[in-house]
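Let's take a walk through this one together. Have a look at the chain first, then read on.

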Amino acid sequence: MSRRLLVTHALPYANGPLHLGHMLGYIQTDIWVRAQRMMGNEVHFVAADDAHGTPIMLAAEKAGVSPEVFIAEIRAGHEADFSDFHFSFDHYHTTHSEENRELASLIYTRLRAGGFIANRTIQQLFDPEKDMFLPDRYIKGVCPNCGTPDQYGDNCENCGATYAPTDLINPYSVMSGATPVLRDSEHYFFELSKFEPLLRDWFGGKFTAGKPVANSGVVAKLMEWLDGGLKDWDISRDAPYFGFPIPDAPGKFFYVWLDAPVGYLASFKALCHQTGLKFDDFLSPDSTAEMHHFIGKDIINFHGLFWPAMLHGAQLRTPTALHVNGYLSINGAKMSKSRGTFIKARTYLDAGLHPEFLRYYFATMLSDAPVDVDLDLKAFEERVNSHLIGKWVNIASRTAGFVQKYFDGRLADHFDAEEAEIWRFIESHYDDVSKLYEDGEFAEVTRKFVLIADVINGYIAAKAPWLMAKDDSRRDELQQVCTLALNGFRLLAGLLKPVLPATVAAAEQFLAAPISNFDDARRTLFGQTIQPFESLLSRIDPKHVEAMVEASKESLGTSSEPVVAPVKAASVKKPKESSKPMSDSKPAISDTADATSTISIDDFAKLDLRIGKVTACEFVDGSDKLLRFELDAGTLGKRQIFSGIRAAYAEPEKLVGRNVVFIANLAPRKMRFGLSEGMILSAGDGGSDLFLLDADQGAAPGAAVR
Ligand SMILES: [Zn+2]
């Protein structure tokens with residue numbers, strides 16, 4: 001029986017172009033959707049731009065346009081990227097839509113009527129320089145859970161904890177650098193804690209006939225949060241805010257995360273208007289349709305806790321499953337603008353790289369588990385060239401010509417015994433393809449692809465049709481070889497059709513036989529007349545990959561990404577009068593471009609900068625300026641350094657465990673209190689305005705800083 005599926009992928013935020021990190025999860029979704037369609041299921045695939053919130057309001061303000069104009073432009077760019085990567089949405093919408101306003105208001109009023117909304121006056125952090133309440137993402141500080149510095153005000157990228165921005169240690173405003181102050185404001189809370197039994201039932205598969213709602217690791221993480229106690233969720237924000245006003249609450253707006261997932265439903269509602277589908281068939285609590293959300297692992301909490309609770313509280317159905325993907329790294333490291341690995345989807349395409357090559361590469365790495373994926377650019381090139389061109393396209397290019405030349409394009413009308421046996425073997429490996437797609441095991445699908453292709457290529461090599469072609473008496477044999485090879489080529493096309501939709505469409509034309517479902521591809525084409533073969537794909541030219549990396553480097557500094565925390569380091573090397581006001585939109589890094597004089601790289605190389613892990617830190621008797629540090633400097637051993645930052649750090653013992661940057665080859669200095677073996681770097685104007693430099697987690701003691 002055909003299933004009815006509503007499928008969504010995480011909504012891209014409408015404040016900048018898509019990069020390859022976005023594409024990982026989105027490609028995963030599109031492959032799954034296309035496979036479901038090939039299984040004969042009724043699939044409705046919708047998504048939307050997530051268009052609300054302070055970052056968009058501020059970005060529009062900076063660009064000098066209205067938020068509506070700003071998000072419309074971004075959306076046009078997103079839609080062009082999706083189209084060029086062959087995404088098969090049934091509808092693409094925006095959360096800034098009438099459907100979404102109605103649905104968000106409906107859900108909210110039902111939650112309020114159900115007694116799940118509470119009003120409370122809270123103290124919220126306010127930027128006294130910018131004169132507004134600070135959204136979570138515009139406050140940074142030390143994670144209260146794991147102690148990682150520079151974490152956002154809503155959750156920690158290191159340990160995944162969620163918390164209130166007031167929980168941050170040493171908070172600062174990302175917009176002005178000012179220390180935020182607390183002010184009173186009335187807020188609206190969704191009482192998530194009232195849904196604990198519901199969530200336990202949902203995790204346990206009560207609404208999904210016992211089927212798990214997510215990969216076991218994801219469910220375990222959700223259970224951990226549940227067992228830790230659910231906190232009520234602040235769903236309101238004060239004006240100024242770009243979003244929907246909360247009904248009956250002047251000056252209050254829905255927090256963007258309230259109406260973002262509702263955007264899935266709004267997009268589907270718009271589709272219903274266009275097609276006559278019935279919204280309630282999919283969203284009523286007793287619906288037999290399925291609702292699948294594909295998301296990144298950074299937003300599990302929103303989709304695995306708040307979202308099912310909101311839906312249930314508003315008398316709507318809960319999701320059938322969450323499909324969670326991990327993060328993308330490139331060349332083994334976090335995407336980086338300076339290395340040219342912060343690659344936009346458009347930059348990839350503009351460099352002349354085939355969109356389906358990225359779809360294939362990601363497919364070779366994806367499974368049901370939310371594992372991180374590395375796009376190793378060399379492996380990308382080699383794997384695509386080897387698998388798709390070397391193993392697959394070559395099957396056709398080595399045999400199709402003979403079929404035209406000697407048989408008028410006609411394949412044999414049967415298999416001989418040997419070919420029949422090979423066919424049975426490769427078909428047996430094709431049997432569980434739809435199950436593998438269903439389970440999200442795309443890497444396993446591509447392993448089947450390689451295995452079957454290797455069998456066929458081995459057969460072709462053993463038979464050597466190019467020798468047969470020279471001998472008139474071996475025509476039947478030659479036709480057998482070509483018929484098996486091209487049927488095998490077609491089986492592989494069927495196997496990869498969800499991954500390579502456009503390329504396989506061209507292969508279908510060539511074979512003059514459509515593949516509309518997985519069974520089509522295993523029906524042998526006996527006696528079939530095929531079209532002349534034209535090359536389906538060409539190998540990746542390494543120059544295109546280089547061009548992509550170069551172009552990504554060039555976009556440094558002109559990106560529309562939000563500027564990172566205002567680094568005070570700029571004032572270290574410059575006279576004060578030349579420092580620019582914060583309203584300057586350039587990233588902090590370019591602030592140093594007008595430094596008084598330049599040095600050569602050799603001058604810089606003279607400094608031996610290293611990471612040191614603080615093993616001890618204390619006040620120094622008889623000095624009101626100094627702190628005494630002991631550092632673990634890895635291979636350099638232990639170092640004692642006196643640093644004049646006492647006024648900035650009242651509790652030196654709290655610095656133990658931190659990574660600092662120090663100059664290792666500064667001549668040791670004999671001081672009244674002992675020997676100082678180096679200098680610890682900090683930024684700021686002196687006195688209490690001093691900030692130790694930090695290295696991200698993972699930097700080993702003694703590591704060189706370059
Ligand atoms: Zn943390």
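Which residue in β23 is the bridge partner of Ile663? Met679 is the one. We're looking at a predicted model, where local features need pLDDT of at least 70, side-chain atom pairs count only at pLDDT 80 or more, and totals for chains, interfaces and linings use all residues. Residues are numbered from 1 along each chain as its sequence is written, and side-chain values use heavy atoms, with hydrogens and water left out.

Back to that bridge. Strand β20 (residues 659-663) pairs with β23 in the antiparallel sense over two bridges; strands pair if DSSP finds at least two bridges between them. Both belong to an open sheet of five strands, ordered β19-β18-β17-β20-β23, with antiparallel pairing. At its edges sit β19 (638-643) and β23 (679-680), each pairing on one side only. Strands here are DSSP runs (E, at least two residues), and helices are runs of H or I (at least four), numbered from the N terminus.

Now for two helices. α7 (residues 256-275) packs against α9 (residues 300-313) at an angle of about 75°, their axes 11 Å apart. Axes are lines fitted to C-alpha atoms over the stretch in contact, and angles run from 0 to 180 degrees between N-to-C directions. The two helices are therefore roughly perpendicular, a label for angles of 65 to 115 degrees.

Technical notes. Parallel < 35°, antiparallel > 145°, perpendicular 65-115°, else oblique.
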